[in-house]
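Q: Please show me the structure. I would like to learn how to read a few of its features.

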Amino acid sequence: MPALNIIMPLPSHDFDPSEVAVTWNILRTAGHAVHFATPDGRRAHTDPRMISGEGLDPWGWIPLLKKIRLIGLLLRAEGGARKAYRALEQDPNFLHPKRFEELRAQDYDGLVLPGGHARGMRPYLENRSLQSFVAEFFESRDATGQHKPIAAICHGVLLAARSISPTTGKSVLYGRKTTALTWKLERSAWLLTKYLARFWDSTYYRTYDEAPGEPAGHWSVEAEVKRALAHDSDFCDVPPDAPHHGRKTSGMARDTLDDSRAAWVVQDGNYLSARWPGDVHTFATAYAKLLHTHYGTAKAIR
């Protein structure tokens with residue numbers, strides 16, 4: 001069977017390298033062709049701090065000291081993700097993306113919505129053409145009449161939540177089960193930045209923050225996604241009795257290809273979601289399996 005064509009829209013700047021490059025690498029290994037799109041049709045650039053770790057320590061604003069990294073080494077992408085990103089930068093599809101306005105659901109077999117947290121994500125999350133395409137894709141069907149497989153992680157779930165179905169007038173996530181970046185994870189990263197790490201840029205880990213008088217977390221990913229759902233209970237966080245609960249919720253442990261204990265991934269039919277880069281290996285592997293099950297692709301994933 002020919003390779004499936006998967007589309008992964010990206011912002012021009014500040015996407016998370018783990019969520020994009022690890023997913024790309026796992027899908028490529030499974031034999032699929034991953035295509036990209038950006039607002040202007042030019043290659044995208046990741047959040048450089050997530051590659052180098054520079055600028056994430058309390059002294060990161062000082063030019064002569066920013067290359068000394070302690071906290072930055074802990075917060076940046078792990079080694080395998082950085083290696084995958086370097087390989088991604090050589091991919092012709094990545095270097096020559098389409099524009100959001102050119103995207104048509106009938107051209108692709110699957111959709112992946114990655115995330116990132118820095119302010120460069122806003123044009124991706126707010127682009128009306130991209131939201132319309134995401135809504136179109138959620139309602140599109142394959143040759144057998146089934147909905148096509150879709151995967152979203154972190155702020156990619158927020159993009160889906162903002163995409164309004166022309167049929168129902170509601171979010172495409174309305175009536176679905178999903179997870180996304182939780183307020184607990186977002187808040188812990190924000191407070192670390194605000195009081196210790198990148199203190200001079202205290203909202204670095206908040207793509208959107210609250211106006212005076214608004215409750216804390218009102219514009220967190222979790223809160224906004226919940227407002228798009230049919231019920232708050234449709235937002236699926238790690239239950240207290242889940243195996244390895246502490247590992248999954250600490251914000252310190254990340255999964256690997258061979259160890260999914262730290263990961264939390266939620267599947268509702270042909271829609272798959274995850275929370276943050278610490279879930280990405282399990283997320284991408286589960287999506288590759290979903291594609292294999294849905295389309296009967298020749299190359300199975302372990």
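A: Start with pLDDT, the predictor's confidence in each residue, from 0 to 100. This is a predicted model: local features need pLDDT of at least 70, side-chain atom pairs count only at pLDDT 80 or more, and totals for chains, interfaces and linings use all residues. Residues are numbered from 1 along each chain as its sequence is written, and side-chain values use heavy atoms, without hydrogens and water.

Q: Over which residues does pLDDT stay under 50?
A: Over residues 298–302, for which the model has 13 contacts (heavy atoms within 4.5 Å) beyond four places in sequence. The protein averages a pLDDT of 95, and 97% of the residues score at least 70.

Q: How many disulfides does the structure hold?
A: A disulfide is a pair of cysteine sulfur atoms within 2.5 Å. The structure holds zero.

Q: Is Cys-154 buried or exposed?
A: Buried means under 20% relative accessible area, exposed over 50%, partly exposed in between (1.4 Å probe, protein chains only). Cys-154 is buried, at 5%, and Cys-236 counts as buried at 18%.

Q: Which residues of helix α4 are buried?
A: Helices (H or I, at least four residues) and strands (E, at least two) are DSSP runs, numbered from the N terminus. In α4, residues 79–88, the buried ones are Ala-81, Arg-82, Ala-84, Tyr-85 and Leu-88. Seen down the axis of α4, they fall within an arc of 160° (directions from the helix axis to the C-beta atoms), so they line one face of the helix.

Q: What covers the buried residues of α4?
A: The cover includes β2 (13–15), α1 (17–29) and β3 (33–38), as well as β4 (45–46), α2 (49–52) and α5 (92–95).
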